[in-house]
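Could you walk me through this structure while I have it open in my viewer? Please tell me what to select at each stop and what is there.

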Amino acid sequence: MSELLKVENITKIYTNGFVANKDISFTVNANEIHALVGENGAGKTTLMKILFGMEDYQEGAIYLEGEKLELKSPLDAIHKGIGMIHQHFMLVPSLSIAENIVLGIEPTKASFFDYNEAVKITSDIAKKYNFNIDVTKKVNEISVAQMQKVEILKALIRGVKILIMDEPTAVLTPQETKELFEQLVILRDSGYAIIFISHKLEEIMQLCDRVTILRKGRCVGTYNIADMTEAKISRLMIGRDVELKFNKKAKQAKNTVMEIRNLICVNDDGKRVVDNVSLNIHAGEILGIVGIEGNGQKEFSEAICGFSEYHAGSVRFNGVDIKGKSIRELRQMGIAHIPEDRMKNGCAMNLSVKDNIIGDRYFSPQFRKFGFLNSKAINRFVDQCISDFEIACDNRNQPVRMLSGGNIQKVVVAREFTSGCKFILASQPTRGIDVGTTEMIRKLLISMSHEKDVATVLVSADLNELLEVSDRLIVMRKGKIVAAFPTTQGVTEELLGEYMLGIKTMTAAEMEDLL
Amino acid sequence: MSFSEAIGTFLFSIFRLSTPIIYAALAACITKQTGLLNMAIEGIMLTAALSSVVFSALTQSVVLGVLFGMLAGSLIGGIISYANLIGKTELYLTCIAINLIATGGTTFALYMITGTKGTTFSALPSLEVPNIDIPFIKDIPILGTMLSGHSILTYFAFVCAFLVWLLIYKTRLGLRMRCVGENPNAALSVGISVTRIKTVAYLISGAVGGLGGAFMSMSYVTWFSRDMLAGRGFIGLSANNITAGSPVGATLFSMLFGIADASANVLQITAAGLSYFVKMIPYIITILGMVIMEAIRIRKGLKFKDQVVRKAIAGTANEKDLT
């Protein structure tokens with residue numbers, strides 16, 4: 001195997017003095033899928049930005065096939081043969097796939113853009129690497145998995161030799177992930193090198209050849225996957241053992257907290273995205289909702305906590321219909337919500353940790369004095385939250401946007417879990433979050449429901465998480481509940497996958513007592 | 001004047017009054033497609049109007065006069081993009097500043113050049129862009145009066161609409177502009193310089209706005225007077241905003257504002273006492289138009305959604321999609 005990329009003693013210090021990377025060295029070979037792992041804030045993103053020419057660095061050097069690289073911009077990196085598949089797709093929704101792929105290197109005829117030629121060259125390259133897509137479709141009409149293919153094709157058509165992929169499977173279903181992996185193996189065997197960034201250690205074990213581990217901005221080392229186990233990698237990542245398996249007590253049947261009857265949500269296209277769903281959620285249990293993204297879990301979960309509307313049926317929370325209630329009323333009734341998009345709906349990014357935590361309760365008598373905010377009480381409370389939830393921030397007045405993803409989520413969790421709620425909706429609570437914080441959030445969810453009798457609904461794309469944390473599971477497909485499991489015992493990811501894809505469906509009679 | 005002649009003259013004035021608004025709207029359209037709101041279009045056109053007058057008088061060339069108008073527009077566009085993209089100033093504040101500078105600056109330049117603060121009318125021997133009679137059509141009653149005898153720049157406004165459409169939808173630059181406007185990160189990821197595309201958009205936008213300015217001072221009238229744009233740049237901007245960046249739509253909407261303007265002028269003659277009130281009509285129409293358009297859009301959306309929901313709940317909609 002020939003050495004393609006060599007990173008030597010890279011050090012990056014941001015202008016605010018934060019040392020993001022310190023003395024990082026590793027090599028990537030051709031015909032290799034090379035994993036890069038580390039907790040949030042370990043410096044992966046910075047390192048990738050450096051390799052892709054988006055950030056400069058103070059010390060060290062990067063060599064590509066022995067030649068020293070001075071990358072000034074992403075364009076530079078692409079010219080030299082380094083491409084990047086971002087976590088958030090860099091596509092223009094209203095343009096066709098072909099147009100998106102040729103952007104920047106557009107074919108022209110008589111000085112006008114030659115659309116037909118663009119279609120031809122893009123479908124040629126798609127065929128060459130066995131990508132099954134129709135390049136004349138607009139990007140806003142295709143699935144997330146297909147968008148990812150478009151991103152890969154964008155890099156391939158520019159002749160890159162190294163593909164950096166930032167958490168490519170975070171948005172994919174198990175089947176789509178499998179397909180992606182098959183394609184990546186084809187690329188690897190054709191001589192490409194792939195740098196694969198992921199939090200999912202089992203994927204790394206399955207796909208990659210070697211792994212480089214970062215911790216707190218430093219490189220722990222590069223290891224052959226064949227010599228590693230998931231436990232070993234996570235130990236090296238965080239410097240201690242993580243417990244992602246939990247000992248749960250058997251749950252006892254408790255009273256019904258939320259009673260959902262014949263719920264229907266209709267989207268703008270007139271499609272029933274939630275189709276006649278009836279369900280009871282009990283105190284002290286965690287109900288996991290399984291499904292491929294876009295099968296109504298989001299609409300369903302947001303409707304039952306009053307975050308978005310529903311169009312027929314009823315939702316009763318402790319006997320009270322929630323229709324027409326404001327978010328504030330619902331919160332005071334005891335409904336809490338960890339939203340899917342923590343940047344947009346979970347936090348006000350420019351406000352401080354303090355303001356975010358008291359955002360739903362600044363008006364309560366506890367935090368008021370003579371009609372003004374009672375700083376003393378607020379500060380005491382917020383500092384308690386910061387230490388209880390181990391939020392890594394400079395102080396309570398630091399704007400939330402300065403925190404890492406995991407710590408932003410901790411701010412959200414601190415607010416929601418201290419609200420005195422009786423019901424929590426947790427939407428993708430650990431997506432894109434480091435192993436340490438993930439462990440903490442999962443433990444909190446379990447202790448809230450099992451010790452404080454909170455009814456919890458967990459929506460997640462991570463099947464492993466659903467199986468580990470939930471007490472019982474339902475599977476949603478095309479807006480309907482297609483399967484229900486009273487316990488996670490004996491339920492496997494493969495089995496769930498079959499229901500998610502519609503290979504199997506339970507009948508109403510089979511699920512009768514389980515909802 | 002016969003009745004048909006009066007109608008013809010009225011229709012003629014619609015085209016004449018629409019011209020600067022069309023240029024403004026097209027200028028705004030180019031930047032809008034690139035994701036920028038060109039609020040300085042008023043200032044750009046005002047500066048261009050003065051530049052055209054001064055250079056047509058200096059060079060005694062119509063072509064150079066118009067060209068210098070475009071150049072002045074591009075120069076202002078360049079200043080905005082430099083301030084906004086390199087100096088990282090807030091775009092809207094920059095544009096407001098440009099408009100204020102243009103108002104004061106043109107008056108100051110006017111005073112320095114002519115010694116008067118009102119107009120260049122008697123001080124500068126500036127030229128006029130020729131008007132063209134269209135053979136055959138000019139002899140048709142009403143239609144002839146309406147379409148023939150306009151300034152070259154009026155005819156060119158419609159050509160320009162086509163050119164802008166061509167630029168945005170059929171060229172490489174246009175593709176990149178739309179990409180930058182819709183998702184700058186997508187542009188960055190493939191090495192398209194967002195700064196460069198935005199700068200080019202502002203330069204072109206400035207040149208198109210400059211044509212509008214040249215029309216004002218070399219065709220509409222043949223002199224420069226302070227604040228002669230009188231809000232036409234802003235009207236064009238809103239014509240473009242209503243139509244969400246479509247060059248054809250922006251042109252048609254500009255015509256609508258032209259009709260309002262022409263109507264106001266007619267009313268001004270018949271009811272002189274109300275002239276100042278009448279002058280407000282185009283602006284009132286603008287606001288009402290925008291409110292009504294938006295209200296219709298929202299209402300239609302709600303009604304549509306309501307229907308869709310009712311259908312879906314009744315179970316008649318897209319049954320095959322669900323199974």
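Select strand S23 (residues 472-477) of chain A together with S24(A): five bridges join the two, and they run antiparallel. Strands here are DSSP runs of E with at least two residues, helices are DSSP runs of H or I with at least four residues, and both are numbered from the N terminus. Two strands count as paired if DSSP finds at least two bridges between them. Show A:Leu473 and you will find A:Phe485 of S24(A) standing opposite. Now go to the turn of this hairpin, where two residues lie between the strands and A:Lys478 takes a positive phi near 50°. Buried means under 20% relative accessible area, exposed means over 50%, and partly exposed is in between, using a 1.4 Å probe and protein chains only.

A word on the ground rules: this is a predicted model, in which local features need pLDDT of at least 70 and side-chain atom pairs count only at pLDDT 80 or more, while totals for chains, interfaces and linings use all residues. Residues are numbered from 1 along each chain as its sequence is written, chains are lettered from A and ligands numbered from 1 in the order in which they are written, and side-chain values use heavy atoms, with hydrogens and water left out.

**Next stop: a four-stranded sheet**

Stay in chain A and select S14, S13, S16 and S17, which form an open sheet in that order with antiparallel pairing. Its edges are strand S14 (272-282) and strand S17 (320-321) of chain A, each of which pairs on one side only. Strand S13 (residues 256-266) and strand S16 (residues 312-317) of chain A are antiparallel to one another and share five bridges. To see them face each other, pick A:Glu259, which stands opposite A:Arg316 in S16(A).

**Salt bridges in chain A**

Across all chains, the whole structure holds 28 salt bridges; the criterion is a side-chain nitrogen of Lys or Arg within 4 Å of a carboxyl oxygen of Asp or Glu. Start with A:Arg272 and A:Asp275, whose side chains meet at 2.7 Å, N to O. Both A:Arg272 and A:Asp275 are buried.

Then select A:Arg396 and A:Asp383, a salt bridge of 2.9 Å, N to O. A:Arg396 sits in the loop between helix H13 (375-388) and helix H14 (405-417) of chain A and A:Asp383 in helix H13 of chain A, so the pair ties together parts 13 residues apart in sequence. A:Arg396 is partly exposed, at 23% relative accessibility, and A:Asp383 is also partly exposed, at 32%.

Finish with A:Arg415 and A:Glu416, which meet at 3.0 Å, N to O, and are both buried.

**Crossing to chain B**

Which residues of chains B and A form a salt bridge with each other? Select B:Arg176 and A:Glu106, whose closest N and O atoms are 2.6 Å apart; the count between the two chains is one. Seven residue pairs are in polar contact between the chains, both residues at pLDDT 80 or more. A polar contact is a pair of N or O atoms within 3.5 Å; within protein, one must be able to donate a hydrogen and the other to accept it, and residues adjacent in sequence count only if both atoms are side-chain atoms. H13(B) gives the largest share of the side of chain B that touches chain A, seven residues. Overall, 30 residues of chain B are in contact (heavy atoms within 4.5 Å) with 34 residues of chain A.

**Last stop: a serine in chain B**

Zoom to B:Ser219 in helix H9 (residues 194-220) of chain B. B:Ser219 counts as buried at 10% relative accessibility. Its side chain makes a polar contact of 2.6 Å with that of B:Ser151.
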